[in-house]
Amino acid sequence: MEHLNKKGFPKDFLWGAASAAYQVEGAWDAEGKGRSVWDNFVRIEGTTFKGSNGDVAVDHYHRYQEDVRLMAEQGLKTYRFSIAWSRIYPTGNGAVNEAGLAFYDRLIDELLKYDIEPMITLYHWDIPQALMDAYGGWESRQIIDDFNRYAITLYKRYGDRVKYWISLNEQNYFVSYGYETALHPPGIKDKKRMYHANHIANLANAKVIQSFREYVPNGKIGPSFAYKPYYPKNSDPESILAFENSEDLMNYFWMDVYAWGKYPITAWRYLEEHGLAPTIETGDFELLAAAKPDFIGVNYYRTTTVEHNPFENGVGSGFKNTTGKKGTTKESGVPGLFKTTSNAFVESTNWDWDIDPQGLRIGLRRIATRYHLPVLITENGLGEFDKLEEGDVVNDDYRIAYLKSHIEAIQDTISDGVEVIGYCAWSFTDLLSWLNGYQKRYGFVYVNRDEDDAKDLRRIKKKSYYWYQQVIETNGEEL
């Protein structure tokens, strides 16, 4: 839809930025914190770029006051951050670590001092290692109670000050990378176990949303989904069917459960036919249906184009580019359903991610039309090789162009009638990019470190920092 007059951003639009505990905090074993699965996983040779880890990260744990002052100067309206479960419960359950709770008290109060809305993510991939050792983490239904206990602890401690909460971050990625491709902990390649763990994660997500209604009745909560809208390669009916298959299995398979408490018919039939369906127990679907979120959080970075993939001799798992060497990603797919292919109409990043701002608009419209829920953009950003120039200058015009085009697409989406609550750019400072080390930079603020040396961790404002400052000041009128 083209608009003669576009709607402006709402007056209370939440302009923000986001991060995750393991990627920024450091202090990995400080003040009683237990180990998370990532604390162990990064120590396995070959798992991350140059063996990089989050032991120090960008030391947000000790520098949060400086970081929050920079957020305030930029004008952020909200800051989305995750809480490290093992900082609160070092063994995943049992005794609470008061020092961990106190750190987040300080962070929340510092944000509120500058009128920045805190936005808490309950889980951003760093399950306590103790729970993985005790019962296999997400593969055991015991985690439902442990996760709920942890969530209630946070609700009771911070619910008076924090009104926006994210339950699970990118469930589709932490189960697929953890149990299908083995790129993330626990490093397993077993689709049956993946769908089993995923169903339990769905139940845990529903349980903490139920509890939220009791402990933070005036707050809002929803999961954050890594939404990668799919396109058919062309109008060949085989391509259209591949597109339908990919949306069902790779997107609606999660979002339908969040919104309606049930799995898509065709995707579930695929699981049954291939012996991959998880065990369903009495009361599962009742719990899932009883925990409708207040919004769908969307982490958006790219779209993917697909075509027919035959069952016999079809393409399976491909190769993920974690080095920034453009063009090294290989096709992937599910035989009998779909396979990925290039899109000649969009450019891509050095990590082979399609740059497609219209895809964000398309995706948000699909969510609004299908689920009739507001959307909150919980992540969107560009990871690139930033260069620190003489005089402490970082000219990241490419990031400005990327963010500008996506914010314009959000305004178009709002003009289309979609309710968008806010926009959290990824990320505020540079951070550890999981498998990609510190070379892949996302932040508005450059952090002076690399894979080999933490250096002085100095904070340096990039050109994009000042650009986003102006965007916020004018509520999106000046891009």
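The legends below describe close-up views of a predicted model.

Local features need pLDDT of at least 70, side-chain atom pairs count only at pLDDT 80 or more, and totals for chains, interfaces and linings use all residues. Residues are numbered from 1 along each chain as its sequence is written, and side-chain values use heavy atoms, with hydrogens and water left out.

**View 1**
The barrel holds 8 strands in the order 1-2-3-4-5-7-13-14. Helices and strands here are DSSP runs, numbered from the N terminus: helices are H or I with at least four residues, strands are E with at least two. The pairing in the barrel is parallel. Two strands pair if DSSP finds at least two bridges between them. From one strand to the next, the twist averages 30 degrees. Such angles run from 0 to 180 degrees between N-to-C directions; axes are lines fitted to C-alpha atoms, for helices over the stretch in contact. Look at strand 4 (residues 164–169) and strand 5 (residues 220–226): 4 bridges join them in the parallel sense. I166 has G222 in strand 5 as its bridge partner.

Helix 13 (residues 357–371) covers strand 7 (296–299), strand 13 (375–379) and strand 14 by lying across them. Relative to strand 13, helix 13 runs at about 135 degrees.

**View 1. Helix 15 buries one face.**
Which residues of helix 15 (residues 463–473) are buried? They are S464, Y465, W467, Y468, V471 and I472. Buried means under 20% relative accessible area, exposed over 50%, and partly exposed in between (1.4 Å probe, protein chains only). Down the helix axis, these buried residues fall within an arc of 165 degrees, so they line one face of helix 15. That arc is taken from the directions from the helix axis to the C-beta atoms. An α-helix has 3.6 residues a turn, so residues three or four places apart point the same way. The buried residues of helix 15 pack against several elements, including strand 1 (14–18), helix 3 (60–74) and helix 14 (397–415). Just after helix 15, N475 has a positive phi of about 50 degrees.

**View 2. Helix 8 is mostly covered.**
In helix 8 (residues 171–179), 8 of its 9 residues are buried. Among them are F174, V175, Y177 and Y179. The cover includes strand 3 (117–123), helix 6 (129–135), helix 9 (191–215) and helix 10 (237–260).

**View 3. Helix 5 meets helix 7.**
Helix 5 (residues 98–113) and helix 7 (residues 142–158) pack at about 45 degrees, with their axes 11 Å apart. The two helices are therefore oblique to each other. Angles under 35 degrees count as roughly parallel, over 145 as roughly antiparallel, 65 to 115 as roughly perpendicular and the rest as oblique. Residues in the contact include L101, Y104 and I108 of helix 5 and L154, R157 and Y158 of helix 7. Contact means heavy atoms within 4.5 Å.

The order is 6-8-10-9, and the pairing is mixed. Strand 6 (230–232) and strand 9 stand at the edges, each with a single partner strand, so one side of each lacks a neighbour in the sheet. Strand 8 (residues 304–307) pairs with strand 10 in the antiparallel sense over 3 bridges. V306 has T340 in strand 10 as its bridge partner. Strand 9 (residues 333–334) and strand 10 run antiparallel, joined by 2 bridges. V334 stands opposite F338, and G333 opposite K339. The hairpin of strand 9 and strand 10 has 3 residues between the strands. There, G336 takes a positive phi near 90 degrees. Strand 10 (residues 338–341) is covered on both faces: F338 and T340 are buried on one side, K339 and T341 on the other.
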